[in-house]
Amino acid sequence: MDPVAPLPTRRADLLARLAEPRTWDLVVVGGGATGLGVALDAAARGYSVLLLESHDFAGGTSSRSTKLLHGGVRYLAQGNLSLVREALHERSTVLRNAPHLASKLSFVMPSYAWWQTPFYGIGLKLYDLLAGRAGLGPTTLLSRAQARAALPNLQRAGLRGGVLYWDAQFDDARLAIALARTAAREGALLLNYCEVTALLHEDGRVAGLRCRDAVSGQAHEVRARCVVNATGVWVDGLRQLDGAALGQAARPVVAPSQGVHVVVDRSFLPGGHALLVPHTADGRVLFAVPWRGKLVLGTTDTPRSDLPREPRPLRAELDFILGEAGRYLARAPTPADVLSIWVGLRPLVRPDDGHDTATRQLSREHAVLVSPSGLVSVTGGKWTTYRTMAEDVLAHCRRAGLLPAGTSGVSAGLRLVGAGSAAAASLQAAPDLSIYGSEAQAVSALPGAGRELAPGLSEAMVRFAARHEYALTVEDVLARRSRLLFLDAALAMELAPAVAGVLGEETGLDPNLDGFLALAQDYLRWPAAQGT
Ligand SMILES: Cc1cc2nc3c(=O)[nH]c(=O)nc-3n(C[C@H](O)[C@H](O)[C@H](O)COP(=O)(O)OP(=O)(O)OC[C@H]3O[C@@H](n4cnc5c(N)ncnc54)[C@H](O)[C@@H]3O)c2cc1C
């Protein structure tokens, strides 16, 4: 059991703190991996921190990743060794600080040509070397029989062997909630459903902002020494507001690219390994990853010019994913096997030269920009490196004179809420109480612990989400506290009325059941050819 009781997240109390007249050291806009990482790092260094998220924490890109903590085999192929080394190091940091939400995972890369095993084997040995002491296990070359035994449903015709290497996987949305709650434990105030609508300038400098509580509609003004814009693919919106207030145009920094995932039954990839297709028909990599009792297939990389909250897949993207899976799996999934489809937008950093570049070649590294008004914007990067991105953002804030010097190097050793003495989790298994780590007993002590709404989701878990995890809506619970919407959208729809009943009882607010049912339909919808 955690020595510290879980903090309450009663909205009325959070709003009362927001209304207190004060000047925060740092206000972070955006509650995805990037903003939450910054808030935690800053709070742990002793700054006063407020974080405002317009929707739910991780409601944007940060709940829609492939859920891999990885150095990036692709970046290795591109020769970006420093990014790979840093990410491999951070992979270990997350495994250590959130053992209930991350676990190591072996990947098999099958070979169908004579040169593939030695070629990929050498590359992955280099991956091991770059990991050094952060390595999770040695890369091994597999014979044909070993590859077949590792992935029993692998296409056998032409199979020559394979390479097995190690990386890690995690629960992205639950890690986000753990970051939020750990930041709160360190003294930060965090609010979801509170959109930043305007920046306040004084003498040409950002001095605060205006935000709106989406539940009550009430507007608030907040004063800050430093404002960090961590709004992911939406980062240019706030930069433009900032520029417009000062009569200057802000250069767009994000080129959004859409990535689609398809979830099918775990039986399509029996055995304890993930599958990596190193070179798809369009020159990318494709993963089939066992996760939370199901199999996740993905992803794509399709440039977009708009920024919808709920991007939907193109038919061509789904055909591509199932087509590639069918090339490698003897029993291939069909559209009728799909349990959920989710789509995320990558905040890729645009090159500065103004020329369009294929999104596959844009940088996965992050960018930090300090505007003439002192607005600090951060975008790009990846989940795996959220912590080093946060350190970099705070270094920029200090260098720009927006924050006084603080303590250094604290977050690397900071265990997240629930880590306690939790044993390492298995992210492959269907969810159960172990997702709460050392807080499992606190969940079991709530009313409804014995009443299962679905396997792995009890009434007590819904109560815990409302009382301690900032959940307000059915979507918050079924998409991001439990991951059922992402795993089995039809089952999530069945449970939704029961979840709404418990949530309404806990919060006294409308949990937006109808909104959830409409959304879940979209997670099951197979688009017509040529469209979304
Ligand atoms: C398909 C796909 C697969 C990926 N797979 C991996 C992976 O396996 N491993 C990995 O390490 N990385 C992966 N990534 C990358 C990773 O998911 C992203 O880099 C990361 O989630 C970005 O986080 P963010 O906080 O910058 O953006 P977001 O999570 O989008 O957060 C930005 C937040 O800002 C909020 N916001 C916007 N405007 C306002 C406003 N005015 N006021 C208040 N809030 C506002 C939004 O609601 C949103 O919640 C993947 C990305 C994609 C798209």
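View 1. The domain bounds come from an automatic or database domain assignment. This is a predicted model: local features need pLDDT of at least 70, side-chain atom pairs count only at pLDDT 80 or more, and totals for chains, interfaces and linings use all residues. Residues are numbered from 1 along each chain as its sequence is written. Helices (H or I, at least four residues) and strands (E, at least two) are DSSP runs, numbered from the N terminus. Ala, Val, Leu, Ile, Met, Phe, Trp, Tyr, Cys and Pro count as nonpolar, Asp, Glu, Lys and Arg as charged, and the others, Gly among them, as polar.

**View 2. Domain 1 touches domain 3 (446-524).** Their centres, taken over C-alpha atoms, are separated by 28 Å. Eight residues of domain 1 and seven of domain 3 make the contact. Two residues are in contact if their C-beta atoms, placed from the backbone, lie within 7 Å. The side of domain 1 in this contact has six nonpolar, one polar and one charged residues.

**View 3. Helix H2 (residues 33-44) crosses helix H10 (residues 386-399) at roughly 65°.** The two axes come within 8 Å. Axes are lines fitted to C-alpha atoms, for helices over the stretch in contact, and angles run from 0 to 180 degrees between N-to-C directions. The crossing is right-handed: the near helix is turned clockwise from the far one by less than a right angle. H2 contributes Ala33, Thr34, Gly37, Val38, Asp41 and Ala42. H10 contributes Tyr386, Arg387, Met389, Ala390, Glu391, Val393 and Leu394. Eight of these residues are nonpolar, two polar and three charged.

**View 4. Helix H13 (residues 474-481) packs on helix H15 (residues 489-507) at about 125°.** Their axes are 9 Å apart. The angle makes H13 oblique to H15, as angles under 35 degrees count as roughly parallel, over 145 as roughly antiparallel, 65 to 115 as roughly perpendicular and the rest as oblique. This crossing is right-handed. Val474, Val477 and Leu478 of H13 meet Ala492, Leu495, Ala496, Val499, Ala500 and Leu503 of H15. The contact has nine nonpolar, no polar and no charged residues.
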